[in-house]
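Hello,

Here is the structure I promised to pass along. My notes on the sheet and the helices follow below it.

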Amino acid sequence: MPKCIIDGREAEFKPGENIIEVAKRVGVEIPVFCYHPGLTVVAQCRMCAVEIEKNPKLQTACSTPAAEGMVVHTTTPKVVQNQKAIMEFLLINHPLDCPICDKSGECDLQDNSYKFGSPYSRYTEERRTYLDLDMGPVIKKNMNRCIHCTRCIRFGDEIAGIHEMVAVKRGNWTEITTLNSKELTTEYAGNYADICPTGSLTLKDFRFKKRSWFLKKTATVCEGCSRGCNIEVQEDGNTIYRCIARENLEVNKYWICDEGRFNYHYVHDSARVLEPATKGATAASLTSTTWEQGLEVARNVSAGKKVVFLVGSDLTLEEGQQILDFAKSKYTSAPVYHFGTPTVKTTQEDGEADPILKMKSKTSNLNGMEKLGIKPFDPSFTGAEVAIVFRGGRAKLPELKSMKRIGVGVFNLPQVESYEAILPSLSFVEKSGTIINFQGKEQKLKPAIRPLGQSKAIAEILMVWANGGKKA
Amino acid sequence: MLVKHKKSIWYEFYVIDIAKGLFITMRNMLFAPNVTIEYPEVRRNYSDRFRGMHYIKSVNGVENCTACMLCPTVCPAECIHIEAGERPDKEKYPVKFEVDLLRCCFCGMCEEACPKDAIKLSNIYEMSVSQRTVYDKSYLAEQRGNK
């Protein structure tokens, strides 16, 4: 491997790598605005300029590939002077909006100005202001805060595959906007807010909900489709406030789709069943009850009947195996089937729904359920009197008109009004487990929040169910 | 061996000491300045920097606060609770602004952290009430001081 020297540290690199990436590996931070590892390099913010020996001028580290024997300095007076000048230039028209701005606390401009900029401004003229047009349901634009890094334009062009953000006018009055001021149409619009280095593009969903420094972050995996994008769930006070993408070059690179980003909303849905509910002999609809009575009803309904187990393909491998064991030991020879997306029953039928990230299977663990040897559910199945439905929150419930139904898992009340009993269980942000994505990659879910309401893990429910209410 | 000291009769009855003590007492009673005040009628003047009851400063009837959450961040007692919202005349404003006075330790860090000069500690020090006091925004928005 060829070597270069960055700030006196010897760094190995692959030919073609730029100086920023090499420097990051040896622990040297070079400030950037327009550079993003997932996008093409334009070198227009000039913030990353570094001094390279035997080179008369400063070179932008993002567009200069490292070379054998190159000696790079990132803290010389010349470099520091350039960084100070660039910061002052960018902050000339940047409003002092940090108390209002949602980006504050995780803002590249804020961080870099703190580290590399000057605390004083020499600018006395009036600041440039723009009028903002609406950009659709996902993104809120504030053009005054923009520093013209064009990350959003490049993201649309290169990743989302739709040229909808453009820069109009020239020079000082450059404005980043959508073509003909239309609303954003891409299904990956949430990423615009993630990659924006300032608060120009922010999520409407997260607007003013929480300051970013209050949020506790948990690295977990999205359950929106069989790709299993790596996400970070951010919560405070046991409430999830947002999900953002996490870097994984083999699965989702740096991006997630809006469906996955806003998928967590069902966890805090007011219609979610969070207490055991049963349909008594008299009541026509589900009424909430205690765990003992809920399990008693579930036991009585299924006792001595022909039972079929339906496992949502949004559950984890561990839960799938627990259900298999339970079915085998407690309901001998009861069939176990998986359900999820009505159109995609096997991994052969699964495929890419669009050329970016989305998959056809809208449940995360279809591959895992097949690996456990569970067969897909056929809607014309009629060989049982009682169906026990396990579901994690994403799988689409099949129509089971001829059978009595017991639900275990995450349900919304309108979906399950005809059920005999509901035993609430955990959603993907409340439990740990393993899911296998369409590539065969095992990924771990991690609990981000404590279980809501009275919901319990499927393992615990099955254990009490199997022990028949006897005291241990 | 015990030694018996002979003392004069003046010393035996402490006459001189009693006279000395009485002299100090009478001097303080008649001529020394008062250290206490007659509280409800007479009030002590506190410095402008005194940290008493909170209020939210308003300019032309609009509260200065932009719900930036720096005061709950810096508050060591975690007594401030804010919820942000949006309204036509102000991009971000506090929908809810509550100060739990029982938790507050009157350190004044909220005042120091505020970038908008919105939360202030006034000179008011009479805050005793008979039940737990969580003051909401409408109460705090009354202008209680001149800072």
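Chain A holds an open sheet of 5 strands in the order 2-1-5-3-4, with mixed pairing. Strands (E, at least two residues) and helices (H or I, at least four) are DSSP runs numbered from the N terminus, and two strands pair if DSSP finds at least two bridges between them. Strand 2 (9-12) and strand 4 (59-60) of chain A are at the edges with a single partner strand each, so one side of each has no neighbour in the sheet.

This is a predicted model, where local features need pLDDT of at least 70, side-chain atom pairs count only at pLDDT 80 or more, and totals for chains, interfaces and linings use all residues. Residues are numbered from 1 along each chain as its sequence is written, chains are lettered from A and ligands numbered from 1 in the order in which they are written, and side-chain values use heavy atoms, leaving out hydrogens and water.

Inside the sheet, strand 1 (residues 3-6) and strand 5 (residues 71-73) of chain A run parallel, joined by 2 bridges. Ile6(A) stands opposite Val72(A) in strand 5 of chain A.

Now the helices. The axes of helix 2 (residues 77-91) and helix 3 (residues 108-116) of chain A come within 10 Å and cross at roughly 135 degrees; axes are lines fitted to C-alpha atoms, for helices over the stretch in contact, with angles from 0 to 180 degrees between N-to-C directions. In contact (heavy atoms within 4.5 Å), Gln83(A), Lys84(A), Met87(A), Leu90(A) and Leu91(A) of helix 2 meet Leu109(A), Asn112(A), Ser113(A) and Phe116(A) of helix 3.

Best wishes
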